[in-house]
Amino acid sequence: MPLKTHLPLRLIQHPQRAALHNEVHARPPQALAAPLAISHVVMLCDAAQRDASRAHVSALLRDHHLPLPDAQSSHFRMDLGRFHIRWELHTEFVSWTFMCPLPTARLGEIEPAQALAAVPQDWLTGLPGQCLCSLHLWVISNHTPGTSALVKQVLQEDTLLASSVAGGGGEVYTDFAMHADGFSRMVLLAGNLSPRRLGRLVQRLLEIETYRMAALLGLPTAREASSILASAERELAELASAIRSASPEDEPLLLDRLTKLAGQVESQHAATHSRFSASVAYFELVDKRIAEINESALPGMQTIGEFMDRRLTPARSTCEWATRRQDALSQRVSRISNLLRTRVEIEQQQSSQALLATMNQRQGLQLQLQSTVEGLSVAAITYYIVGLVSYLAKGAAQLGWPWSGESTAAVAIPVVALGVWWSLRRLHYKVFKN
């Protein structure tokens, strides 16, 4: 009996399964063929500007009567005839890549064509956000005449970098300089690379420049944080010195200053933590993309990896140093705060013990006074009761009572005093027992 090979499965699907499965295919490189002119623009955007970028590219496609991107898509590419566009939505920025065929006639004699020349200029100037990175990349074949002249024409010779990439399959030239038009430039000799390998190489070169600039966003923040950290460290040193010689009367003011300093440090740490964390991630991506282009040195030329390692290391170290400095300062503030609070708590406990000792002493005096008052109360109550007994004896003498009032009172005094004393003790016992 033949087996059924197309059995429908009715399994309950995870709502994110399709998105997670397709993540490995997100932003795939496209197959490219030389000669090609590429312009890459990265716009730093907030949430509103990222939404505006989607509307902006939709307007361009609408003008060309092309299908619009899906509302949830984070990237797409489209052929608009004169040029090809690739749009990618990232967490902090939006990248725009424009490509068009590169005329090779008189290459090296005249300024090479730029992909942006084919893009509608009014639409191009309205890109939402702030330009963070812009790059012109020309991809040509090794056998194209005028390649050496092109490199000298578009790049600065005194800062020229070059390396063999893709395991010797191509060569890349750049100067990492911002030219008069605000764009940096690269020239890629495609060599014998297949279209897919060339597409992957171009994407990695563009990402090196993009992530390099994104990583450096943490540098101004680190420099700004250094002045704040220096002021906070001086304040903390002054507080630590003042705590050593402070009197108990000064401690509330010192604790208030320390609490305000802790709030300032934590506020500054919260404001910069995400930026420094992002820079760390971007620096790692730069390192990874440089490793992926698999470059080797050309005779007498510095490679991209060597240049990045030399020039980016100080900026990376500054960001890492600022992060470590923030963490160390936060821990020091916490330790000194705990020390001062412990000192205040100990003094409060000592004050409480002294207060309890004073209260105990006062309670003893009160008990002595109470005993004295109780003795006086026994005498007073006895006096009044004996007086009543005396009057009673005088009245009873007419009825045959044999003792005089004074004699009766004298005999009644010890009896009444003892009875009053016993009654007060009994009452005292019942009150304190309950």
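Is R316 buried, partly exposed or exposed? In this predicted model, R316 has a relative accessible area of 23% and is therefore partly exposed, since the buried class ends under 20% and the exposed class begins over 50%. R316 forms a salt bridge with D287, with the closest N and O atoms 2.9 Å apart. D287 belongs to helix 7 (residues 251-292) and R316 to helix 8, so the bridge ties together parts that are 29 residues apart in sequence. D287 is likewise partly exposed, at a relative accessible area of 38%.

The search of the whole structure gave 12 salt bridges. One of them joins the side chains of E111 and R185, at 3.8 Å from N to O. This pair links distant parts of the chain, 74 residues apart: E111 is in the loop between strand 4 (93-101) and helix 3 (121-124), and R185 is in strand 8. The two partners fall into separate classes of accessibility: E111 is partly exposed at 43%, whereas R185 is buried at 10%. A salt bridge is also formed by R212 and E209, whose closest N and O atoms are 2.7 Å apart. Because these residues are three places apart in helix 5, about one helical turn separates them. Both R212 and E209 are buried.

R77, R196, R197 and R200 gather in a patch of positive charge. Helix 5 (residues 195-215) gives the most to this patch, with three residues. R77 is located in strand 2 (residues 75-79) and is partly exposed, with a relative accessible area of 36%. The other patch is nonpolar, covers about 310 Å² and is made by L355, L356 and M359. Of these residues, L356 is found in helix 8.

Helix 8 (residues 304-397) also holds Q326. With a relative accessible area of 2%, Q326 is buried, because this value is under the 20% limit. Apart from neighbours within four places in sequence, Q326 is in contact with A225, L229, Q268, H269, T272 and F276.

L44 lies in strand 1 and is partly exposed at 23% relative accessibility. When residues up to four places away in sequence are not counted, L44 touches Q49, E92, F93, G129, Q130, L132 and L217. The C-alpha atoms of L44 and H90 are 9.5 Å apart in space, while the two residues are 46 residues apart in sequence.

Backbone geometry was considered next. Most residues other than glycine have a negative phi, and most peptide bonds are trans. A cis peptide bond, with omega at about 0°, joins A34 and P35. P35 is placed in the loop between helix 1 (17-22) and strand 1 (36-44). A positive phi, near 55°, occurs at H65, which is not a glycine. H65 is in the loop between helix 2 (47-63) and strand 2, and at 74% relative accessibility it counts as exposed. F176, also not a glycine, has a positive phi of about 50°. F176 lies in the loop between strand 7 (170-174) and strand 8 (184-189); at 13% relative accessibility, F176 counts as buried.

Note on methods:
Residues numbered from 1 in each chain as written. Predicted model: local features only at pLDDT ≥ 70, side-chain atom pairs only at ≥ 80, totals over all residues. Heavy atoms only, no water. Helix = DSSP H or I, 4+ residues; strand = E, 2+ residues; numbered from the N terminus. Buried < 20%, exposed > 50% of the residue type's maximum accessible area, 1.4 Å probe, protein only. Contact = heavy atoms within 4.5 Å. Patch = residues over 30% accessible without salt bridge, like charges linked within 9 Å, V, L, I, M, F, W, Y side chains within 5 Å. Areas by Shrake-Rupley, 256 points an atom, 1.4 Å probe, with all protein chains shown as cover. Salt bridge = Lys/Arg side-chain N within 4 Å of Asp/Glu carboxyl O. Lys, Arg positive; Asp, Glu negative; His and termini not counted. Charge placed at Lys NZ, Arg CZ, Asp CG, Glu CD.
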